[in-house]
Amino acid sequence: MIDAFMTVAYLMVIGVTIGAVAALLQKDLLRAAYISGAESIALAFLFHALLAPDLGLTQAIVGTVLMPGIIILAILKTRRHEESD
Amino acid sequence: MIELTLQTLSFLAAALLVIIGMAGMLYLDNLIKKLIAFTLLSDGVNLALVSLGYVQGGIVPILEPGASLSDFPNEAALIFGPGIVLTNIVIGVSTTAILAALIVILYKRYGTLKASKVLKGEHE
Amino acid sequence: MNETITNLWSIPLLIVIPILTAIVVNLLYNRGRAIRAVSIASAAVLLVISLVSPYGFQWFTGQPGVTYDGTYTFNANVFSWKLSLEYYYGPLQQIMISVMSFLLLFVVAISTKSLKKNFGPYIALMFLTYLSAAAIMMVNDFYHLWIAVEIGSLLVAGLVAASGGGAAQKAALKYTFFSALSGSGLAIALALILGITGYANITDAINSLKINDLSGMYNVLYVSFAFLMLSWIYAGGLAPIHPLKSDVYRSAYPHATVMLQTQSKLTLVAIGLVLLRMFGTLPFAREAMLSISILTMVIGIVMALIQTDFRWILAYLIVSHSGLVTVGISLGTFRGIVGGLFQAVNDVIYMSLLLVCCEMVLYFGRGTSIKFSGGLAKRAPLLTVFVILGTLAASGVPPFNGFQSELILIQAALEQGLPEVAAVILMVSVSTFIALFRAIYSIFLRPGDELQQGSERFKLPGTTLIFLVALVAITLVLGIYPQLALNFLTESALKVVFVPWVP
């Protein structure tokens, strides 16, 4: 039980890093915002594993709803794709 | 050889997030990408602060009824770092909101998201 | 006044009153008179509180235990990390915050008169800027320092963006992006200091550094020093980041710039003293601070000399004179610190004088560009007198206050065996005179084109006239009796040099 939990925690460490890189490599800004939200879920789980469950809850709400929400609003008011030139 | 515990691994992940975020903020040209890089940077700082308080094999620092008071200070995870993280999350949200508002205003004025065009100096 | 041990009533009031005023002023939509009354009353209350407050501590949590004989101890071991979040109000804080309250009072009075549209949120931002600077000045723990710096930089961006115009919004965006970077850096520094010492309280952290063996941890100390210095450079607009800050200074309305420059000078003093107390004994720390200050002075004055607009000249002069403040602090000796702190007080006052004069030039409908203006001296002779007095004060001419602090700084530099630094300080004060007088000659003294000129004289508004007279009076009084200000500063400088762990 404990080992499974820790294994998931180790996976989340990798997931956070990969998510960060993947979010910045997207050309589609909307997809980048979604991926940064997904990275936040991994981070929230990691907070839980690092003995701070209250922060995990906060991060899950703020990082996956509020922050990408603000970014998506900004994208809707501006443009979706990165300019090429 | 440093043992790869959860704490050291998450420190590593935090360092990577900070480096990725800072590099993204400095070198990416798109303003929204810079904004996303900032959220990654603040996530990295949060992760570093939370993993500071981690105690190997410790317990969540909430005093449950019936728990022994004498063991609690030694076993519980430290709470100051996470306390700071809560503030950092709030600051991150407000900074993101201000940045997004300024980006939208400047997009309406200049019609582009490229930082090299929007932030070009105009004096002289 | 006596130091009190118990929690001080004035510190919470200094924090809470600006917040309440900001909320109330925000709610008063479209009622200019009411906003003016509320904001002026609240600024006056802040001035009175800062003047009459006794000295002492305010503990938010983790208060030190009071022992039987009435003294207090910092050894309240609750958990392994103590939570002593602490504010201190002493003589240094008193003079800095009083000067800032005085400026806030008149800035609010002027701006509520001159702005036409809904200015509630704008005044609210002004009060919150005051709050952040006061908090930075009073804190004695890294946690509140970090929060206050973050809030302060967001508010600067807000004030600048509210001043309108594409250039102002650009400046705000750039400033906020960098604030995000340096704020995160400050959080990392906080994390590292917590990790090394175990304390967020600056006093406890310094004691812990003294007691414990840190031989293997010097690299971590240097990293946290570097991040703290990054936020110092950023918040005060020192050398590598001076384009951002000077952009901010000249894009905002000049009366807003009065508050912005006050905030950044106070931040420079506060974080500079923290750096000195915490890392002053670290090898090469003071040298790094000193070189950054000298770079700031030189770059700022050179940039000011080549500008062709009064607002740009003032913006770069403010940056360059920030270097004068930090050079004193980073010398690290008693005389140097006193000179730096005194320079901060003087700088805030005479730069405000010049900025208000600049505001009046704009108010009279004249441009601030050097090339296309002139002949204001005939139309507004009183303003010309004020701006020349401000120039003399800024360039360190004897009867004014700038002379006294620059004299102390030069003496401190010579005492340390650094005549080069003294030469740079002299060069800054001479070049300040040249840069300012170039602008004043072409805007005021040069005969203007006769076609555009009417015959009637421009009249200074009453509030502005009172403000200008008061500022000139302060510069003269501090120039003739510098002891009035130095009495407040010597104790703090002595503490920083000899007992750095005491706030």
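**Entry 1: confidence in chain A**

I began with the confidence of chain A, whose pLDDT averages 88, with 96% of the residues scoring at least 70. When I looked element by element, helix α1 (residues 2–25) of chain A had the lowest confidence in that chain, at a mean of 87, while helix α3 (residues 53–77) of chain A had the highest, at 92. I keep in mind that where pLDDT is low, the predicted coordinates should not be read in detail.

**Entry 2: the layout of chain A**

I then looked up the elements of chain A and found three helices and zero strands, which run α-α-α from the N terminus on. Along the principal axes, the C-alpha atoms of this chain fill a box of roughly 50 × 20 × 15 Å. Of the 85 residues of chain A, 44% count as buried, and among the contacts in chain A with a separation of 6 or more, 53% come from residues 24 or more positions apart.

**Entry 3: the record for chain A**

I checked the UniProt entry, which is unreviewed, and it lists residues 6–25, 32–51 and 57–76 of chain A under "transmembrane region". I compared two of these spans with the model: residues 6–25 of chain A are 100% helix and 0% strand, with end C-alpha atoms 29 Å apart, and residues 32–51 of chain A are 90% helix and 0% strand, with end C-alpha atoms that also lie 29 Å apart.

**Entry 4: which chains touch**

Two pairs of chains touch, and I found that the one with the most contacts is the pair of chains A and B. No contact joins chain A and chain C, and their closest C-alpha atoms lie 14 Å apart.

I went on to the contact of chain C with chain B, which takes 30 residues from chain C and 30 residues from chain B. On the side of chain C that touches chain B, α5 (142–162) and α6 (166–197) of chain C each supply at least two residues, and the largest share, 19 residues, comes from α6(C). Sorted by class, this side of chain C has 20 nonpolar, seven polar and three charged residues.

**Entry 5: the largest nonpolar core**

I asked which residues have the most contacts inside the largest nonpolar core, a set of 256 residues, and they are A:L46, C:V160 and C:L190. Helix α13 (residues 334–363) of chain C gives the most to this core, namely 18 residues.

**Entry 6: helix α7 of chain C**

I next listed the buried residues in helix α7 (residues 202–211) of chain C, which are C:I202, C:T203, C:D204, C:A205, C:I206 and C:L209. I also looked up what covers the buried residues of α7(C), and the cover includes α5, α6 and α10 (254–279) of chain C.

**Entry 7: one residue, C:I110**

Is C:I110 buried or exposed? C:I110 counts as buried because it has 22 C-beta neighbours inside 10 Å, where the cut-off for a buried residue is 20 or more. Leaving aside neighbours within four places in sequence, I found C:I110 in contact with C:H255, C:T463, C:T464 and C:F467. I also noted that C:I110 and C:F498, 388 residues apart along the chain, have C-alpha atoms separated by 43 Å.

Notes
Residues are numbered from 1 along each chain as its sequence is written. Chains are lettered from A and ligands numbered from 1 in the order in which they are written. This is a predicted model: local features need pLDDT of at least 70, side-chain atom pairs count only at pLDDT 80 or more; totals for chains, interfaces and linings use all residues. Two residues are in contact if their C-beta atoms, placed from the backbone, lie within 7 Å. Helices (H or I, at least four residues) and strands (E, at least two) are DSSP runs, numbered from the N terminus. Ala, Val, Leu, Ile, Met, Phe, Trp, Tyr, Cys and Pro count as nonpolar, Asp, Glu, Lys and Arg as charged, and the others, Gly among them, as polar. UniProt positions are given in the numbering used here, feature names are shortened, and annotations may be inferred rather than shown by experiment. A residue is buried if 20 or more other C-beta atoms lie within 10 Å of its own, exposed if 12 or fewer, and partly exposed in between; C-beta atoms are placed from the backbone. A nonpolar core is a set of buried Ala, Val, Leu, Ile, Met, Phe, Trp, Tyr and Cys residues joined through C-beta atoms within 7 Å. pLDDT is the predictor's confidence in each residue, from 0 to 100.
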